[in-house]
Amino acid sequence: MLRHLTSKIKATGPISVAEYMREVLTNPVMGYYVQNDMLGPDGDFITSPEISQIFGELLGIWCLSEWIGAGKPSRFQLVEFGPGRGSLANDILRVFSQLRGALGGAAVSVHLVEVSPKLSQVQAQCLTGDQSQVSASEDEPVYRQGTSTTGLPISWYRNLDDVPRGFSIYLAHEFFDALPIHKFQGTEKGWREVMVDIDPDEPGKLRLVIVPAPTLASTQLIQADEKRRHVEVCPEGGVIVQRLANRIAEDGGAALIADYGHDGTKTDTFRGFKGHKLHDVLASPGSADLTADVDYSYLRRMAGATVACMGPVSQKDFLKNMGIDTRLQVLLRNCADPSTRAQLIQGYDMLTNPLKMGERFQFFTMLNHSRLTRPEQSKGGKKMAPVPKKGPAPLPVAGFSELGLS
Ligand code: SAH
């Protein structure tokens, strides 16, 4: 990977941090995600769905609650971006199976957007057992298909554009933080882009440089009223959010984005992880995960008025609003094994403790506008503007307000 990057830089000059991240993480041959199964205790980092089953169960309830809030459409697509080892989807599908009655006869299908063939195999094993087939041709938009152990059809895609249209709940957990960011530095001469170059003192080493002239990105991606001196922008994340917003507005549904993030306040968050430890982002590229906190203010701006946005709220508040305390008590009541009990309590602490994942991890949702307004009153066949005091009040959006479950 280092050789590939240095020859690229020698040929065309310094590359943007975004291009560096894209190559390192998702190069089709050598990319970190393409080559590795990096999740879990033996990998480079661990995520909430891998820490506790309760996490996925509560997200399963969230999906059901949004489907009910949307008026229980007869077809329901669950779409997950970057499903990792498949644990989140697996816990959600178990909830769907246990609450089959609540889903009525809705036709539920599962759609996974995953760039890594290696991880798609791990996901297929987790979700279908051996019940999945790879497409005959590499160019097929659906590159793998199968049936979940609970009997639902599952399809794998590389891009959102290939996922069929229709009412969908979109989930992205620790996905947006893996998308390439551009980095910018405010200077006396204006905004300049930070790029990756070869270290002139050590030709086998890379370094970050501030390029002297403006780039297309530095002239296009910074807000006129930006107050920070160092800014990270993820245009690929912005494009995905815009596409999601259009789909949600036209087809109905909701998106739930959960990640390490901030609301337009942080500056330098680009970092690497290897073996659960921080790792220099430029050292031995391809051997470590690269990530940057998600800027929710940017995502909200990209969604615009097309959808209603809520959040970000902290993971602690989201999970407490979803009833994590009650769920933990139920699981503990039904579990006698001391080591499993200890694991459940430890997982709960890891997810909700403000000093662990409770505060820095944030939840954000985009909803079809109809989800938050009272149904329109019609008179003489004519549609009228929403009448505030008539019609049933919409259901609260689970997780973003207290549901009073305990
Ligand atoms: N959601 C999982 C995994 C997070 S790791 C969890 O929380 O455990 C990031 C995931 O996104 C991996 O599955 C990775 O292969 C996938 N991914 C990264 N970049 C992607 C891209 N550009 N398109 C599709 N999937 C991507």
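**View 1. R371 is a buried residue with a relative accessible area of 5%.** Buried stands for under 20% relative accessible area, exposed for over 50% and partly exposed for anything in between, using a 1.4 Å probe and protein chains only. Please keep in mind that this is a predicted model, in which local features need pLDDT of at least 70 and side-chain atom pairs count only at pLDDT 80 or more, while totals for chains, interfaces and linings use all residues. Residues are numbered from 1 along each chain as its sequence is written, and side-chain values use heavy atoms, with hydrogens and water left out. R371 belongs to the loop that runs between strand 18 (361–367) and strand 19 (378–379). Helices (H or I, at least four residues) and strands (E, at least two) are DSSP runs numbered from the N terminus. A polar atom of the R371 side chain lies 2.8 Å from the backbone oxygen of L395.

**View 2. T365 sits in strand 18.** The relative accessibility of T365 is 0%, so this threonine counts as buried.

**View 3. T47, G82 and H173 each bring an N or O atom up to the ligand.** For T47, an N or O atom of the side chain is 2.6 Å from an oxygen atom of the ligand. The side chain of H173 also has an N or O atom 2.6 Å from a ligand oxygen. G82 takes part through its backbone, with an N or O atom 2.7 Å from a nitrogen atom of the ligand. The ligand exposes 570 Å² when taken alone, and the protein buries 95% of that. These areas come from the Shrake-Rupley method with a 1.4 Å probe; for residues, only the protein chains shown count as cover.

**View 4. T215 and E193 meet through their side chains in a polar contact of 2.6 Å.** A polar contact is a pair of N or O atoms within 3.5 Å; within protein, one must be able to donate a hydrogen and the other to accept it, and residues adjacent in sequence count only if both atoms are side-chain atoms. T215 is placed in the loop between strand 10 (206–210) and helix 9 (216–220). With a relative accessible area of 17%, T215 is buried.

**View 5. E174 and S284 both show a positive phi without being glycine.** The phi of E174 is about 50 degrees. E174 lies in the loop linking strand 7 (168–173) to strand 8, and its relative accessible area of 14% makes it buried. For S284, phi is near 30 degrees. S284 is found in the loop between strand 14 (277–279) and strand 15 (289–291). Its relative accessibility is 41%, so S284 counts as partly exposed.

**View 6. A cis peptide bond links G311 to P312.** Omega for this bond is about 10 degrees. P312 is part of strand 17, which covers residues 308–314.

**View 7. H182 belongs to strand 8 (residues 182–187).** H182 counts as buried because its relative accessibility is 13%. From H182 to A102 the C-alpha separation is 44 Å, for residues that are 80 apart along the chain.

**View 8. Y143 and W156 lie 5.8 Å apart, C-alpha to C-alpha.** In sequence, Y143 and W156 are 13 residues apart. Y143 is located in strand 5 (residues 142–147) and is buried, with 7% relative accessible area.

**View 9. E57 lies in helix 5 (residues 53–69).** E57 has a relative accessibility of 6% and therefore counts as buried. Follow the chain from E57 to G69, and 12 residues along, the C-alpha atoms are separated by 18 Å.
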